[in-house]
Amino acid sequence: MTRNGNTNRVLAVLTLLFSGLAVAFALRLWGRPVVLPPIPLVDPIFTNTATARVSLGLLLQTHGDTSDYDCYTCHDKKEPVKLKLDDQGNVVLPKEHSDLVMGHGSHNRNNNCYNCHDESNLEALQTRDGRHPKLAESSPLCGSCHGPTYDDWEAGAHGRISGYWDRKLGPFVRQNCVACHDPHKPAFPPRAPAPGPHLLHPIAQAAPPQERNP
Amino acid sequence: MAYPPQSPAGAPTPGGEGQSRRSFLRTSAVFASGLAALAASLAPLRHLEDYTSLELFMQKYYKELTPEEMAKVLQRIEREVERQYGVRPHVRDLKPMNGVEFAYAHNLTRCIGCRKCVHACVAENNQSRTPEIQYIRVLRMPHGTLDVDKSEHHYDPKLVPEKGYFYMPVQCQQCKNPPCVKVCPVHATWQETDGITVIDYDWCIGCRYCEAACPYWARRFNWTKPSIPKDRLNPDMAYLGNRPRRQGVMEKCHFCIQRTRAGRYPACLEVCPTGARKFGNVLDPNSEVAYILRTKRVFIQLKEDLGTSPRFFYYFDV
């Protein structure tokens with residue numbers, strides 16, 4: 001009877017111990033994990049691969065609205081367009097073209113429409129050496145002035161490429177100059193940055209660090 | 001005939017001689033509740049399945065797996081991912097291509113610090129969203145210095161680029177002489193013939209020696225189970241690449257192994273709005289990176305003096 005009593009006592013103590021452990025685990029008395037405030041998912045505009053601009057080439061490819069490029073819905077084919085110039089010799093844009101910014105080249109060195117556009121055919125371009133590329137195939141025209149950049153672009157060192165680096169395994173796409181640069185104002189426009197990194201610890205997340213002044 | 005005297009309670013109980021029914025029942029009740037308590041106290045072990053399975057525990061080292069064994073491993077991973085995320089992925093084991101050594105070139109003149117590469121990388125490589133794990137760290141550097149101690153990566157202006165700064169994204173540099181590989185005590189990370197330093201997430205023990213050894217702060221540790229929304233999981237996966245990681249293992253940039261070993265450009269390159277990122281096979285003289293290294297002013301391999309010899313080059317246009 002004493003042996004049984006001892007066994008029972010030991011078992012009871014063990015039961016109590018294990019129950020205690022179970023309760024402790026259920027209540028998470030040790031190592032309650034820090035609950036991180038959920039970090040908002042990033043806006044998909046920051047992960048899309050679209051180019052900075054919608055160029056005429058892209059509109060033709062995607063069968064978009066190209067009506068802005070039909071010059072002769074407004075202009076007359078037989079009547080060449082005369083440029084209006086102000087006192088300083090700058091082009092005065094008519095209100096129909098007020099969406100354009102004449103910002104190509106510094107010091108107004110490049111402010112004449114017919115430096116690039118063909119005055120005899122507004123739906124074409126012209127280079128200084130007498131070639132007449134189509135509006136949608138303007139890159140060689142850009143290259144006629146920006147030679148080194150054009151070389152880099154042809155070699156793939158300037159501009160955007162996507163698809164396959166291994167040309168044997170699949171196609172690749174090289175973006176034209178106007179996919180990123182507005183020909184009337186070619187500087188790449190500033191844009192809003194994607195959200196920066198969040199700090200690991202919630203307390204640090206609540207109070208972001210002071211910016212160090214370099 | 002002589003019979004042994006019968007016990008007063010009747011037939012002998014199975015619990016032994018001299019034990020009453022009452023005490024037997026009491027003992028069994030205590031024993032049963034003890035077992036139940038034991039089971040309850042082992043509750044934390046229920047989560048063990050998230051960390052290891054018998055198959056994973058018995059799995060051989062990556063380099064010793066036969067193709068048949070590898071196929072089984074890939075199936076196990078597909079099963080586990082489907083169980084956890086409800087999406088059936090396509091997991092491949094892509095080997096390095098012959099005659100290919102990857103190199104990355106980054107144009108410091110063109111980079112505007114928009115951080116699109118950071119988030120395209122997260123989306124492509126199934127990194128944890130909370131807490132955040134990002135392979136690319138974009139440093140904002142003041143003009144006139146290349147000292148990374150003067151950099152800031154928590155910049156948050158309305159528009160980038162800002163006047164007086166340039167931007168330098170830093171990710172795994174895929175060193176020719178990688179310090180992280182040397183310190184790994186279990187050979188869970190190594191350099192492949194195409195130059196990519198890879199991690200076998202199933203072999204990593206999470207000691208973080210490699211994180212300490214990396215001079216570029218390129219390695220990331222999964223402090224918790226990574227959280228990835230189901231609808232943002234990229235199902236195109238590679239064993240050494242972007243398959244979901246477990247808690248307690250290291251990860252880092254692997255040049256998008258699931259894309260680049262299939263001939264495609266990495267995700268960070270394709271999303272870059274300015275085309276500042278260039279990637280290719282440096283052994284092919286017609287590749288973009290070979291052209292850049294030949295003709296451009298390539299200023300650094302970052303922290304060149306350490307002798308790590310990165311395959312990630314920074315260059316200027318002018």
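Q: Where is B:Pro131 found?
A: B:Pro131 is in the loop of chain B between α4 (116–124) and β3 (137–142), where helices (H or I, at least four residues) and strands (E, at least two) are DSSP runs, numbered from the N terminus. The peptide bond leading from B:Thr130 into B:Pro131 is cis, with omega near -5°. This is a predicted model, in which local features need pLDDT of at least 70, side-chain atom pairs count only at pLDDT 80 or more, and totals for chains, interfaces and linings use all residues. Residues are numbered from 1 along each chain as its sequence is written, chains are lettered from A and ligands numbered from 1 in the order in which they are written, and side-chain values use heavy atoms, with hydrogens and water left out.

Q: And what about the bond from B:Val160 to B:Pro161?
A: That peptide bond is cis as well, with omega near 0°, and B:Pro161 sits in the loop that links β3 and β4 (165–170) of chain B.

Q: Switching to backbone angles, what is the phi of B:His187?
A: B:His187 has a positive phi of about 55° although it is not a glycine, and its place is the loop between α5 (179–183) and β5 (189–191) of chain B.

Q: Is B:His187 buried or exposed?
A: B:His187 is exposed, at a relative accessible area of 54%; buried means under 20% relative accessible area, exposed over 50%, and partly exposed in between (1.4 Å probe, protein chains only). B:Ser309 also has a positive phi, near 50°, in a residue other than glycine, but B:Ser309 counts as partly exposed, at 25% relative accessibility. The loop holding B:Ser309 runs between β11 (297–300) and β12 of chain B.

Q: Now β2 of chain B: how many of its residues are buried?
A: Six of the six residues of β2(B), residues 102–107, are buried, so this strand is largely enclosed by the rest of the structure.

Q: Which way do they point?
A: B:Phe102, B:Tyr104 and B:His106 point one way, while B:Ala103, B:Ala105 and B:Asn107 point the other way. In a regular strand the side chains alternate between the two faces of the sheet.

Q: Which strands does β2(B) join?
A: Five bridges join β2(B) to β10(B), residues 277–281, in an antiparallel arrangement, and four bridges join β2(B) to β12(B), residues 312–316, in a parallel one; two strands pair if DSSP finds at least two bridges between them. In β10(B), B:Phe279 is the bridge partner of B:Tyr104 and B:Asn281 is that of B:Phe102, whereas in β12(B) the partner of B:His106 is B:Tyr314. β10(B) is itself mostly covered, with five of its five residues buried.

Q: What about salt bridges elsewhere, say at B:Arg92?
A: The side chains of B:Arg92 and B:Asp236 meet in a salt bridge at 2.9 Å, N to O. B:Arg92 is in strand β1 (residues 90–92) of chain B and B:Asp236 in strand β8 (residues 236–238) of chain B, so the pair ties together parts that are 144 residues apart in sequence. B:Arg92 is partly exposed at 23% relative accessibility, and B:Asp236 is partly exposed at 22%.

How values were computed. Salt bridge = Lys/Arg side-chain N within 4 Å of Asp/Glu carboxyl O.
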